[in-house]
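Visitor: I would like to go through the labels given to this model and see what each one rests on. Please set each value against its cut-off.

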Amino acid sequence: MINSEKIKIMLTREDMTKYNIHMYSLGHTGSAIKEAFGEVLSDIKTRTGFDTLSSKTILQVYPSRDGGCEVYITRLKNDLKLKNGEKHECAGQSTNITVKRWLEKVIFSFEKLTDTIDACRLLYLSGYDKSSSLYLCDDTYYLFLETEIKPKGRYDELTSLCDFGKRLECKITQAFICEHGELIVPDRAVEALAL
């Protein structure tokens, strides 16, 4: 326990397997994450008496490099509202949930600006909202994108861009483009080119 309202939990890769939690499939909805961690929260209450079910809570999940995760749970005090001059606790409990994921930088090269724009439109329409920038180097356009690190073999949101350009994997290539290329759009390139 960090204090009376906050607790930190370390889950190993084995714990993740035991509780059937997969970071890459948690999604962004509170109900899915709450369901995934339901058994963990129940075990915490049994072991420590720290009750997260009867109050509003904030659940923050940070993946570990070893395949596990760190979970911070903060219990919020019930808000008080004035009603007819008396204080009443707010009805209903809710949980705010944050999941932090590891991001990696990926580069796609495009021979033509029109292919770059088409790729950006596809990403933009799919809801892509991570960092992106565009470089021009030796008459080739390079789109730098962030994506969540997925286990090998898992589909990622950038796979469809291979219809327009070529995915580059080499870190040396990234450094070369940054040093010798011309930065055309420093941030939010996907949005800028899609509109």
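Visitor: What makes the contact of Arg121 and Asp118 a salt bridge?

Guide: A salt bridge is a side-chain nitrogen of Lys or Arg within 4 Å of a carboxyl oxygen of Asp or Glu. The side chains of Arg121 and Asp118 meet at 4.0 Å, N to O, so the pair is counted under that rule. This is a predicted model, in which local features need pLDDT of at least 70 and side-chain atom pairs count only at pLDDT 80 or more, while totals for chains, interfaces and linings use all residues. Side-chain values use heavy atoms, with hydrogens and water left out, and residues are numbered from 1 along each chain as its sequence is written.

Visitor: Where do Arg121 and Asp118 lie?

Guide: Both are in helix 4, 3 residues apart, about one turn of the helix. Helices are DSSP runs of H or I with at least four residues, strands are runs of E with at least two, and both are numbered from the N terminus. An α-helix has 3.6 residues a turn, so residues three or four places apart point the same way.

Visitor: How many salt bridges are counted?

Guide: The count is 2. Arg188 and Glu191 also meet in a salt bridge, at 2.9 Å, N to O.

Visitor: Why is Arg121 called partly exposed?

Guide: Buried means under 20% relative accessible area, exposed over 50%, and partly exposed in between, with a 1.4 Å probe and protein chains only. Arg121 has 42%, and therefore counts as partly exposed. Asp118, at 33%, is also partly exposed.

Visitor: What makes the buried residues of helix 4 lie on the same side?

Guide: The buried residues of helix 4 are Asp115, Thr116, Ala119, Cys120 and Leu123. They cover an arc of only 135 degrees around the axis, which puts them on the same side of helix 4. The arc is that of the directions from the helix axis to the C-beta atoms.

Visitor: Why is Leu195 called exposed?

Guide: Its relative accessible area is 67%, so Leu195 is exposed. Leu195 is in the segment after helix 6 (189-194).

Visitor: How do you know that Cys137 is in no disulfide?

Guide: A disulfide is a pair of cysteine sulfur atoms within 2.5 Å, and by this rule the count is 0. For Cys137 the nearest cysteine sulfur, that of Cys178, is 9.9 Å away. Cys137 has a relative accessible area of 6% and is therefore buried.
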